[in-house]
Amino acid sequence: MRSWLRSMQRILPRPSAAHLIPLIACLYVGVIILLPALEVVAGAFAKGLAPFLENFQSEELRSAVLLTLRCTLIAVPANTIFGLAAATAIARRQFPGKALLLSVIDLPFSISPVVVGLMLVLLYSPTNGLLGGIVSSLGWQIIFSWPGMALATIIVTFPFMAREVIPLLEEEGWDQEEAARTLGASDWQVFWKVTLPSVRWAVLYGLILTTARALGEFGAVAVVSGNIAGQTQTLPLFVEDAYKQYDTELAYGAALVLAGVGLVSLLLKLFVEQMLGGLREGEPMG
Amino acid sequence: MSWSWRITWLYLALVLFLPLGALALKAAAVGPVQFWQLATTPEALATYRISFGLALLAALVNGVFGVVIAWALVRCQFPGRRLLDSLIDLPFALPTAVAGLALAAIYSTNGWLGAPLLALFGLKVSFTWLGVAIAMVFISLPFVVRSVEPVLEALEVDQEEAAWCLGASSRQTLLKVVLPQLMPAILAGVAQGYSRAVGEYGSVVMISSNVPFRDLITPTLIIQKLEEYDFASATVIGMVMLLFSLLSLMVINGLQVWGRNWEANPPQGV
């Protein structure tokens, strides 16, 4: 035993800071991040594949998927238009208050999602909202209904696109656009044929981040939804509800779908980062 | 006025300024005396202690480990480095409800980590304040790593070698040469993580038992007040959180400016 230990010591290098640091880093990330990710997979398939697939016959789960998709399909195009408009308006202009305006656009990242939901309730609630009277007289329902949830999704995700495209446009400068304009192109043509292609990877990056966050948003949507199963429940709300009702398998089934979406977005993000040439590498998604 | 400029302001007005204005007006309508009363009820104060206190704990823990991880990613070569790099972003990619579900399960009394922790130390994590802290650690981990990484990459090894040649020990080199230069980035990351952890709802609500005075966080209290139709309390506590967000945004911006100046002209003696 002794001699074995001694020979091992000769083969293995002595533990030093150079080994300790990666070891601590991997252990910490393993316990804090990797274990929870594995738990989702293990929980979803705890009883095998068949019960996992059976989950998808649940009417409520299907309606949750559809509602999540609806909110995302509203929020992502709206925020893409805003992000591109804001980027072309702000990026290449110098004006007083530019830094402040950029901070304002980033504001939703600093506000708690629950406060975002609260703001919408205080604005549109038929009983207590600032515009509640107008909304009711028009016959609209915003709170406890999908328009409010889509709006909540829009607010928490709108900074992504602008903040990805603005720095890239700032770097590129005006030369190509000016050349196009001298050659007789209209504003619209310049935007479609020159500006947009030059920032296409940043736009794709912004799309991935916006979509991933929109599909997974919880707090803001929870406040305005009223959480009615089969009606105003998105997939993340469904996970929480099923878990609270001790319907663990259903909760894990829905959670695995969401985790899969998260993983795909992470892989796409890595791919686009390579395409951007490491320009924006290492920037957090949130 | 160009089209893009008009779209930007119209969108910001509808989507951001109008809701912000509703919260500010409703909070102003409460009146200063009642605002102070509702903002400082024993129940609200207890949630501030839990939210702001545990978020600080989580941010500081990540402040230490975030630097270690960034160091491993930038300065060390080891198998699995790229995997480690990708895993760091997982807390942003994984929807918070999923993270909450997984964390609550792992740290429950019969979970992978919860069972040994209970058997060995008698610690209960899920459905206690410890669980809330763990969820906050999970959600705020990427910020410090991603804030420190680029600064560490830009750091020149020359300086460390110079310090070594002049006879400094590795500890002295670390404490007097490297850490001071990383400090603005570390603080900015800690502040970002702190701000995120204070506002976090999805993952925390699933691992907390949501009992007032024990592990109820401020965002959950706002939702409870809304469910009780106590709009005044919800508005006031929401305004407190909004003011905190604005303050932390200013602090983070300040730290980032400080960091940029620091890089441009490092102070003498460092």
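**Secondary structure.** I counted 15 helices and 0 strands in chain A, where helices (H or I, at least four residues) and strands (E, at least two) are DSSP runs numbered from the N terminus.

**Provenance.** I noted that this is a predicted model, in which local features need pLDDT of at least 70 and side-chain atom pairs count only at pLDDT 80 or more, while totals for chains, interfaces and linings use all residues. Residues are numbered from 1 along each chain as its sequence is written, and chains are lettered from A and ligands numbered from 1 in the order in which they are written.

**Confidence.** I looked up the pLDDT, the predictor's confidence in each residue from 0 to 100. Chain A has a mean of 87, and 91% of its residues reach 70 or more. Over residues 280-286 of chain A the value is below 50, yet this stretch has 18 contacts in the model beyond near neighbours in sequence. Here two residues are in contact if their C-beta atoms, placed from the backbone, lie within 7 Å.

**Dimensions.** I then turned to the overall form of chain A. Its C-alpha trace spans about 80 × 55 × 35 Å along the principal axes. The radius of gyration of chain A is 24 Å, whereas a compact globule of 286 residues would have one near 19 Å; the radius is taken over C-alpha atoms, and the globule rule is 2.2 Å times the number of residues to the power 0.38.

**Packing.** I found that 45% of the 286 residues of chain A count as buried, that is, with 20 or more other C-beta atoms within 10 Å of their own, C-beta atoms being placed from the backbone. Among contacts in chain A with a separation of 6 or more, 73% come from residues 24 or more positions apart.

**Domains.** I recorded domain 1 (20-57) and domain 2 (58-275) for chain A; these bounds come from an automatic or database domain assignment. The C-alpha centres of the two domains of chain A lie 27 Å apart. At their contact, 10 residues of domain 1 of chain A meet 9 residues of domain 2 of chain A. On the domain 1 side, α2 (17-44) and α3 (49-54) of chain A each give two or more residues, and α2(A) gives the most, with 4 residues. By class, I list this side as 6 nonpolar, 3 polar and 1 charged residues. Ala, Val, Leu, Ile, Met, Phe, Trp, Tyr, Cys and Pro count as nonpolar, Asp, Glu, Lys and Arg as charged, and the others, Gly among them, as polar.

**Chain contact.** I finally examined the contact between chains, which takes 73 residues from chain B and 65 residues from chain A. Helix α1 (residues 3-30) of chain B gives the most to the chain B side, with 14 residues. That side of chain B has 54 nonpolar, 14 polar and 5 charged residues.

Terms used. Buried ≥ 20, exposed ≤ 12 C-beta atoms within 10 Å, placed from the backbone.
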